[in-house]
Amino acid sequence: MKRRIIAALMCLCMLVGLLPMSAFAADPGTVTAKKELVSQTPDENGNYTIKLTVQGEPVEIPSESAADVVLVVDNSGSMASSVGEPCLTPKSEFVPKWTVLWWRYTCPICGARYSSSLAGWLWDTRPEKCTGQKGAEKRIDTAKKVGKTFAQTILKDGNANQLAVIGFAHNQDNGGANDTGALFVRQGLTNDLNQINSAIDKMDADGGTNYSAALQQAYDWLNGRTDSRPAYVIFISDGAPGLSGESIGDSQWDGSKQAADLKRDGVTLYTIGIALTDDESNYLESLATDSNHYINVTGKNYADKLKKVLLEWASHINSVPAGKNAVMTDVVNADYFEVVESSLPTGVTLGKDGKTLTWDIGAIPKDGTSIEFKIKPKADVLNTITGTKTVNTNTNVSLAY
């Protein structure tokens with residue numbers, strides 16, 4: 001169905017004011033637009049700048065969704081603990097176990113895991129007191145359970161979404177984006193829910209926290225696509241990056257470059273913290289697209305909070321624009337004004353009549369999109385307008401989508 005909004009005439013009162021087309025609304029499927037005067041003072045050439053804005057609230061229609069999503073889950077040793085009350089078990093009570101390459105230490109109270117090299121001479125991630133928490137369920141188990149619920153929502157029958165999964169910790173002691181051994185679980189983009197669930201089942205908690213390697217893999221998968229489908233990364237972690245959480249500010253570990261690359265390329269980056277400290281929380285929030293794309297879940301009901309936010313974000317991913325193939329047409333009142341053609345931005349064309357502006361918008365975004373152009377009152381208009389006479393800047397403006 002093609003829809004059209006016909007806006008009221010805009011006017012320039014005494015060359016100092018504009019009336020808006022409409023106010024924005026927030027109901028799903030609502031498309032709104034407005035026209036405004038950027039400044040009541042003309043520029044040095046006597047031109048006035050006009051701004052057109054269009055915004056639309058997306059509608060959740062899973063059957064029409066076609067997005068690529070990467071779910072990234074921290075598999076470091078601290079994910080073996082729960083959330084609730086601080087553990088604080090002394091380091092001396094950790095239970096050691098020798099693996100092929102290093103010592104693994106497990107807190108007997110909360111299950112948090114730490115590691116060290118032989119005799120601790122190369123590295124030792126054990127704190128003086130356990131940094132884990134005591135609760136009903138291990139963080140890694142909660143993440144796996146909720147991750148499957150999220151996957152089922154993203155890969156609903158009938159949609160064209162794809163999902164990938166990464167479970168990460170660390171492999172190289174100096175970190176690095178090329179530390180592919182840190183990717184304990186790696187399943188590329190697919191619409192097969194069984195493959196995704198199988199990958200999630202393989203997740204276990206052990207080792208450090210290499211944000212850089214995990215986000216680099218997400219970037220590589222999304223950057224390697226041949227289409228321009230919407231792309232999202234959901235990143236979940238319960239601690240700061242590093243061998244033992246000490247590497248905020250170190251690009252070998254903290255994923256700062258990779259997060260910037262993802263956002264630069266238009267990927268929406270959601271981040272979720274689990275029981276983070278203030279400094280850890282602030283850093284993970286800084287990686288997200290914005291503060292609305294971040295949450296730190298904590299407390300005894302953290303699992304319910306995690307599930308709620310993931311399902312909410314899945315709803316956003318399954319939404320489609322409120323309007324597609326949108327075109328706005330603004331017919332300038334040529335009796336009084338002329339268009340400054342050199343001011344027209346990309347995507348806006350001026351008809352042969354010299355007064356009809358056509359703005360090819362395409363999909364109408366949730367956060368709105370705007371363009372600006374300039375008009376100039378004709379010289380004789382300035383000489384004839386007196387008192388409070390109002391002159392319309394345009395004879396018609398419409399939005400079709």
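Start with strands β4 (residues 48–56) and β22 (residues 369–377), which pair in the antiparallel sense over 7 bridges. Strands here are DSSP E runs of at least two residues, helices are H or I runs of at least four, and both are numbered from the N terminus. Two strands count as paired if DSSP finds at least two bridges between them. This is a predicted model: local features need pLDDT of at least 70, side-chain atom pairs count only at pLDDT 80 or more, and totals for chains, interfaces and linings use all residues. Residues are numbered from 1 along each chain as its sequence is written, and side-chain values use heavy atoms, leaving out hydrogens and water.

Glu338 has Lys376 of β22 as its bridge partner.

Now go to strand β24 (residues 394–400). Strand β18 (residues 326–332) runs antiparallel to β24, with 6 bridges joining them. Pick Val327: its bridge partner in β24 is Ala400.

Next, Lys35 in strand β3 (residues 31–37). Is Lys35 buried or exposed? Lys35 is buried, because its relative accessible area is 2%. Show its side chain. It makes polar contacts with the side chains of Asp330 (3.0 Å) and Thr393 (3.5 Å). A polar contact is a pair of N or O atoms within 3.5 Å; within protein, one must be able to donate a hydrogen and the other to accept it, and residues adjacent in sequence count only if both atoms are side-chain atoms.

Move to Asn392 in strand β23 (residues 390–392). Asn392 counts as partly exposed because its relative accessibility is 28%. Draw a line from its C-alpha to that of Thr142, 250 residues apart along the chain: the separation is 61 Å.

Last, the largest nonpolar core. Such a core is a set of buried Ala, Val, Leu, Ile, Met, Phe, Trp, Tyr and Cys residues joined through side-chain atoms within 4.5 Å. Of its 37 residues, Phe150, Leu163, Ile234, Ile272 and Leu310 touch the most other members. Elements giving two or more residues include α1 (139–154), β14 (231–237) and α6 (302–317). The most come from α6, with 7 residues.

Centre on Leu310. Beyond its neighbours within four places in sequence, Leu310 is in contact (heavy atoms within 4.5 Å) with Val146, Phe150, Ile234, Ile236 and Ile272. Then select Phe168, Tyr211, Val233 and Tyr294, which are among the 27 residues of a second, separate core.

Conventions. Buried < 20%, exposed > 50% of the residue type's maximum accessible area, 1.4 Å probe, protein only.
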